[in-house]
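The structure is shown first.

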Amino acid sequence: MNQKIIKTLEYGKILHMLGGYAATSLGKAWVEALEPNPELAEVKHRLQATDEAGHVLRLKGPAPFGGIRDVNASLRRSEIGGTLNPAELLDIANTMSGSRRLQRFILNVHEDHAVLLLAKLCGQLTEHKAVEDAIRFCIDDNAVVLDSASPELSKIRQELRTGESRAREKLDQMIRTPSIQKMLQDNILTIRNDRYVIPVKQEYRGHFGGIIHDQSASGATLFIEPESVVTLNNKLRELKLKEEREIEKILQMLTARVADFAEPMKLNLTVLAELDFIFAKAALAREMKAILPMMNDRGFIKLRKGRHPLIPRQAVVPLDVEIGNQFSTIIVTGPNTGGKTVSLKTVGLLSLMAMSGLFVPAEEGSQLCVFDAIYADIGDEQSIEQNLSTFSSHMTNIIRILREMTPKSLVLLDEVGAGTDPAEGSALAVSILEYIHRKGSRMIATTHYSELKAYAYERSGIINASMEFDIQTLSPTYRLLVGVPGRSNAFAIAERLGLDKSIIDHARGQVNEEDQRVESMIATLEENRLTAEAERHEAEQIRRESEQLRQQLEQEQSRFELQRAKLMEQAEREAAEAVAKARREADEIIADLRKLALEEQSSVKEHKLIDAKRRLDEAVPSLKGNNRPVPSSKKQKLLQAGDDVIIASIGQKGHIVEIVGGTEAIVQLGMMKMKVAVADLETVGAAAKKQPQQVVTGVKRSRDEHIRMELDLRGSNLEDSLIEVDRFLDESFLANLSQVYIIHGKGTGVLRSGIQDYMRKNRNVKSYRLGNYGEGGAGVTVVELK
């Protein structure tokens, strides 16, 4: 991509923002090298990776990149035979452990929620645990070689400690001697050139044998190594040299082990850099509240509420624009400071971002295109050094664009033809736009020339647009209006500001009749647009309210059907239990009768016993069939509002709220209302006479009944837990609870995932979330009921 376009559209500022979200220098290097890609498949691949990282951020939070360093230079040095220092070896070990930790994090997420591209990248990471362990065995977290790194080093350091102790004791004895104390500047030991010395006053320098190593700035104090400890210090010096040689040997051994795995480690660093880069893109998208755009390569752009990412969210005016379907060129007219240039830059910058695999700040449903190149001539590029005027610099840029563009390019022109005589400039602008349009490139151009309005109106595939201007407030609204040409508001603004009306009328007389007709037509178009927009907003509001009402009715109906089914199931279960109990009792009685007949030679006949058994079997009710009773042929009392009735089909008691049309009635059943056919209703008295032995099973819920607000499922398996959750939510919903808690514990996450999958399908659940701090965290799911 041309660097001039990158600078013009301020793409570099986006990269600077993106770099702020990279956790490592590896990721920052990838950000700095990022460029838009003209291949659709590659762009979709990049966007999918960003989308997967966004899912990980929402589910698990930021990925753990701690400890990962750019150790490429250290690896190269190890390969050419150099010796790495302890800090460099520690960075390599930390990078290895950080790589393993990041890999485990992403693969754990992949088990619950598929992130295929990220998991594939993690599969390329290789472990080098043996090298890491060898480094940590020899070097501590402060990059100091440990005594345990080798037996020889341990022995040397032990001798060092012993020798240092003896030297200190010798000097301590000297500085505690009263006759010597008066010769010392301070009664302390110190070190100069890695040797123990004492601070002696200048005048007593001859009282001590030994070596003078240093003196104070004033010369009053000499740092002398007494002759009695010279031998001890010489021994310590020899031990320190041996220590350095042993440490060098250890570092060479560790460096050689690193060199053996340098190439796989470099590949690991490349994968880690890409992962950091991908998560940085996801973090930027979350900060911008950006979305995954749909991509195509057929020159189609559709932005819904697109926002310029460098303008504060509270100040930016969203942009709605579509190009590449019915028309390939948009000509935007209107006054300065109306937002034309910002609109051009928004389209261009969001296209660059999408082609780079970045999400764009817009609403869902936005589409962008992969262009082979984006060209822009925006802003005043007057150059004193090159002796170019504004017009010349624009023409130089446009000539280059016309030479390089293709039918798959996007061209953005700001104030085309400006900076010269209006008549010649407008003619030149028309010719340039016509050439680009015939070429087939997608183009958005801004202009002040009114001649271009007529050109766009007459030319197929080109459409007018303008930036909205509020005459009442004398300020632009920065909204792009596609299909409405811009109109000059000079007369209206002057009149609002108080210019004499006679001057304005005289000015109007100077404008030719054709231009006045055009301005009048544009004003009428704008008035009609405002009216249509207001009506559309009103219709949209009515549609939303209707949709909301429809959803509420569907939910109420679903809840009623669910409750009805459960009531019927409960009634069938109770009836089946009663019949089973009666059958068992009857079997016991018949068994007793047979026993009695055998023992006492009773006259009870076998065929009579069989007949009695058959009649008992026939007495079992058929509850699975049609539950709707046949309406009584007898004429019943005329029903009216307020009557207590029984709904025969479900055996429930209620009272009539309203009679609808003589054939249906609205019946109140507890907290529910339902519409029932009048033929399905019986008055309470008639039903009691008709079915004196009928037992009606219902659900009763009172305020005194204890309703739990939490369900503890810890230790349960998923299948049993889902049954308990279903029952618990039904009880909570019937009890009018708004919020309940389901305790599933943290564990492996299987129980939590299964329960939350069930929540998405349950019609009574409005929303759900994991518990906050103090609520149980990830071990609790908080459910909000409708």
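## Overall architecture

The model is predicted. Its chain holds 23 helices and 23 strands. Of the 786 residues in the chain, 41% are buried.

Contacts in the chain can also be sorted by separation in sequence. Among those between residues at least 6 apart, 66% join residues at least 24 apart.

## Packing of α3 and α12

Helix α3 spans residues 25–32 and helix α12 spans residues 262–288. Their axes come within 8 Å and cross at roughly 70 degrees. Because angles of 65 to 115 degrees count as roughly perpendicular, α3 is described as roughly perpendicular to α12. The crossing of these two helices is right-handed.

On the α3 side, the contact is made by Leu26, Gly27, Trp30 and Val31. These residues meet Leu269, Thr270, Ala273, Glu274, Asp276 and Phe277 of α12. By residue class, the contact of α3 with α12 comprises six nonpolar, two polar and two charged residues.

## Packing of α22 and α23

Helices α22 (residues 718–734) and α23 (residues 750–761) have axes that come within 10 Å and cross at roughly 40 degrees. The two helices are therefore oblique to each other. The crossing of α22 and α23 is right-handed.

Leu718, Ser721, Leu722, Val725, Asp726 and Leu729 represent α22 in this contact, and their partners in α23 are Leu751, Gly754, Ile755, Tyr758 and Met759. The contact of α22 with α23 contains eight nonpolar residues, two polar residues and one charged residue.

Serine 356 lies in the loop between α13 (340–355) and β9 (367–369).

Leaving aside residues up to four places away in sequence, serine 356 touches Tyr11, Leu34, Glu35, Pro36, Arg46 and Lys281.

## Cysteines

How many disulfides does the model contain? The count is zero, as judged by whether a pair of cysteine sulfur atoms lies within 2.5 Å.

Cysteine 122 counts as buried because its relative accessibility is 0%. Cysteine 369 has a relative accessible area of 2% and is likewise buried.

Technical notes
Residues numbered from 1 in each chain as written. Predicted model: local features only at pLDDT ≥ 70, side-chain atom pairs only at ≥ 80, totals over all residues. Heavy atoms only, no water. Buried < 20%, exposed > 50% of the residue type's maximum accessible area, 1.4 Å probe, protein only. Axes fitted to C-alpha atoms, helices over the stretch in contact; angles between N-to-C directions. Helix = DSSP H or I, 4+ residues; strand = E, 2+ residues; numbered from the N terminus. Parallel < 35°, antiparallel > 145°, perpendicular 65-115°, else oblique. Left-handed = near helix turned anticlockwise from the far one by under 90°. Contact = heavy atoms within 4.5 Å. Nonpolar A, V, L, I, M, F, W, Y, C, P; charged D, E, K, R; others polar.
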